[in-house]
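Grab a pencil and keep the model on screen. Try each task yourself before you read the solution.

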Amino acid sequence: VDAIANSTSRSLELSSGGGSRAMLSKAGKAMQDECKEKYPNGVNPGSFAETKGYNLDCKCVFHVVLTGWSQDKASQAEQMLLDLITEILKKCEENNLRSLSLPPIGTGFMGYQAKTVARIFIQAVQDFGKTKKTSSLTDVNFVIRKEDIKHFEILRFVVQGCLGKASDHNYSSIAFPCLGTGYQGYPSKIAAKTVMSAIKDFFHAHPASALRKVEIVVFEGGKDWREVCKSFQQELENIAPSKVEVRKQAPQLQLVKPVPVVVLKPPSPPKRGAKEWFKMKYEQDVCIPMYWTSVKAGENVRKCQRTGAKDYVLVDIDGATEQMIKDLVMQTWARDKVGDGRDAKNLRELNYSSIKVTKIQRVENIHLYKGYAEERQRLFDKASKKGRPLVSVGNTKNSSGEAKTEEILKSQGKNKDFLSDTFPEINEHFLFHGTASENVEKVLSQGIDNRLAGDRAMFGGGIYAAESSTKADQYSDHRDSRTKTGLKMLLVRMSLGDICLCNQGQQFRRAPCKMCRKDKCTCKGGQLWDFYDSVLGDGQWIFREFVVYEKRQVYPEYLISYDRV
């Protein structure tokens, strides 16, 4: 998340309290040092201090100071907590933060009851949402102990929120899974009672709702699914014992519609990498990535284009992703190769050995993404016809190994979500691309166009990317006017497809034929399926380079600003 709240002592001694001590241990001593430097006298109860997240996966931490809870001063203590949470929410919006995690502040040595904290948290978030119809803050997480989950009434909150949204859209029906009965660990009877009573109360409060049917879906084969099904059926009988008659006999329940329990056995999805899986990926609609924030995630791309989407939007990313990309930049940096090679002309004169990343932003360009995703589907179709994944970078004949960026990202389990929307089965990888600052605007709005590339490059007029940030750095400014500050490089998605490995330079205008290995193919009966999709320069060069000859095979996803140091 972008921000975390933390409960600590008035002196801001972060080793006080279990949760605060755990955060300090993970964040590192620098967090405590910042507290002492910025708040030498601590802070008063009812206030909070703000520090960076350091080694935590967040941008900042709000250190909250409370007075202890007591029966005779309960109202003042509870109001203080409500005011503090409200101020933190406002601070998140001021700082353009998107996500916040709230642990059960006050429930430790300060003596607040979990049910009190739960009520205050939910009230603060609901009130904030009512006053801020649009806000950068879109996600607030309650981090709680399992035994306290009942106090938060999360199920009721979620169910009634979904019913309200469906009603706002004039939908006539809605289906819920058996919320809470999975990994959240709710006993089926408690989950059923909470969900069904939330439905009943909603219809009682909204007699004019357009909703006419609510379904509860039980997935056959889930853990204890028969017990779950039984619990929901019993609760249905409790709120509508004779579905038709109750509407006549109990006017207060007249809009509680029949709630059937449906048993479905979902079909098993095809195995990833199998022929049917590639076919499924080829036939899917192209939709907005789920992690985008400037447009509605999951929406059909063509539908979004019709709404007059901007050329592109630069979006600040969460702290964890930012740190991961910084790490990738530095782990692929080759200090001993700075200034080596003809493309590094005049870099040695700058007398630097490393770079410092100053900012990372995600590029959200619907038009470029649509073209990229459709080209990616062409490669899915190609793999479907073969019935197997395409030969990987590492398994390509004479290759010196997998792409370093891929190896690094895969080696760390915490990057799993980041890689969830990439497909190594068609050789889709994150790679670096350097470009001069004056070209950035054009690249972000129009893409990287191989037609504007020079013909003197090692493998002709293609789009070049590298597995090393050092190689990308060579292209970030002009050879005859090098500078140390204000530089840009891109972390791009590149779908390589079938790879042609070359161990010596060769001028191509497109990826070559698999038989004659020429771009101007003269083979009889040659088909598109007989052509490579990319070229890998892997031989005696200082760096390997990955080249494609179709601009739609590249999507410039992250803009990295940096200085040479």
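**Exercise 1. At what angle do helix 6 (residues 154-168) and helix 7 pack, and how far apart are their axes?**

Step 1: The packing angle is about 35°, and the axes of helix 6 and helix 7 are 9 Å apart. (Axes are lines fitted to C-alpha atoms, for helices over the stretch in contact; angles run from 0 to 180 degrees between N-to-C directions. Helices are DSSP runs of H or I with at least four residues, strands are runs of E with at least two, and numbering starts at the N terminus.)

Before going on, two notes on the ground rules. This is a predicted model, where local features need pLDDT of at least 70 and side-chain atom pairs count only at pLDDT 80 or more, while totals for chains, interfaces and linings use all residues. Residues are numbered from 1 along each chain as its sequence is written, and side-chain values use heavy atoms, with hydrogens and water left out.

Step 2: Now the hand: helix 6 and helix 7 make a right-handed crossing. (Left-handed means the near helix is turned anticlockwise from the far one by less than a right angle; right-handed means clockwise.)

Step 3: Look at who touches whom. From helix 6, residues including Leu-155, Val-159 and Leu-163 take part, and helix 7 answers with residues including Ala-191, Val-195 and Phe-202.

**Exercise 2. Is Ser-188 buried or exposed, and which residues is Ser-188 in contact with?**

Step 1: Find Ser-188 in helix 7 (residues 188-205).

Step 2: Ser-188 has 14% relative accessibility, so Ser-188 counts as buried. (Buried is under 20% relative accessible area, exposed is over 50%, and partly exposed is in between, with a 1.4 Å probe and protein chains only.)

Step 3: Skip the neighbours within four places in sequence, and the contacts of Ser-188 are Thr-181, Glu-227, Val-228 and Ser-231. (Contact means heavy atoms within 4.5 Å.)

**Exercise 3. How do helix 10 (residues 275-283) and helix 13 (residues 366-386) cross?**

Step 1: Their axes come within 8 Å and cross at roughly 155°.

Step 2: So helix 10 is roughly antiparallel to helix 13. (Under 35 degrees is roughly parallel, over 145 roughly antiparallel, 65 to 115 roughly perpendicular, and the rest oblique.)

Step 3: This crossing of helix 10 and helix 13 is left-handed.

Step 4: Zoom in on Tyr-282, which belongs to helix 10. Tyr-282 is partly exposed, at 37% relative accessible area. Apart from neighbours within four places in sequence, Tyr-282 touches Gln-377, Phe-380 and Asp-381. Its C-alpha atom is 10.0 Å from that of Glu-375, although Tyr-282 and Glu-375 are 93 residues apart along the chain.

**Exercise 4. Which kind of crossing does helix 3 (residues 74-94) make with helix 4 (residues 114-131)?**

Step 1: Start with the angle, which is about 40°, with the axes of helix 3 and helix 4 9 Å apart. Helix 3 is therefore oblique to helix 4.

Step 2: The crossing is right-handed.

Step 3: Among the residues that meet are Leu-81, Leu-82 and Ile-85 in helix 3, and Val-117, Ile-120 and Phe-121 in helix 4.

**Exercise 5. How many aromatic pairs does the structure hold?**

Step 1: There are 17 aromatic pairs. (Rings of Phe, Tyr and Trp, the last by its six-membered ring, pair if their centres lie within 6.5 Å; planes under 30 degrees apart are stacked, over 60 edge-to-face, and the rest tilted.)

Step 2: Take Phe-418 and Tyr-558: their ring centres are 5.8 Å apart and their planes sit at 35°, so this pair is tilted. Phe-418 is in helix 15 (residues 416-419) and Tyr-558 in strand 17 (residues 554-564), so the pair ties together parts 140 residues apart in sequence. Phe-418 and Tyr-558 are both buried.

Step 3: Compare Phe-508 and Tyr-549, with centres 6.5 Å apart and planes at 85°, so this one is edge-to-face. Phe-508 and Tyr-549 are buried as well.

Step 4: Finally, spot the aromatic cluster formed by Trp-277, Phe-278, Phe-380 and Phe-423.

**Exercise 6. Where is Leu-12 found, and is Leu-12 buried or exposed?**

Step 1: Leu-12 is in the loop between strand 1 (3-7) and helix 1 (18-27).

Step 2: With a relative accessible area of 1%, Leu-12 is buried.

Step 3: Check the backbone too: Leu-12 isn't a glycine, yet its phi is positive, about 60°.
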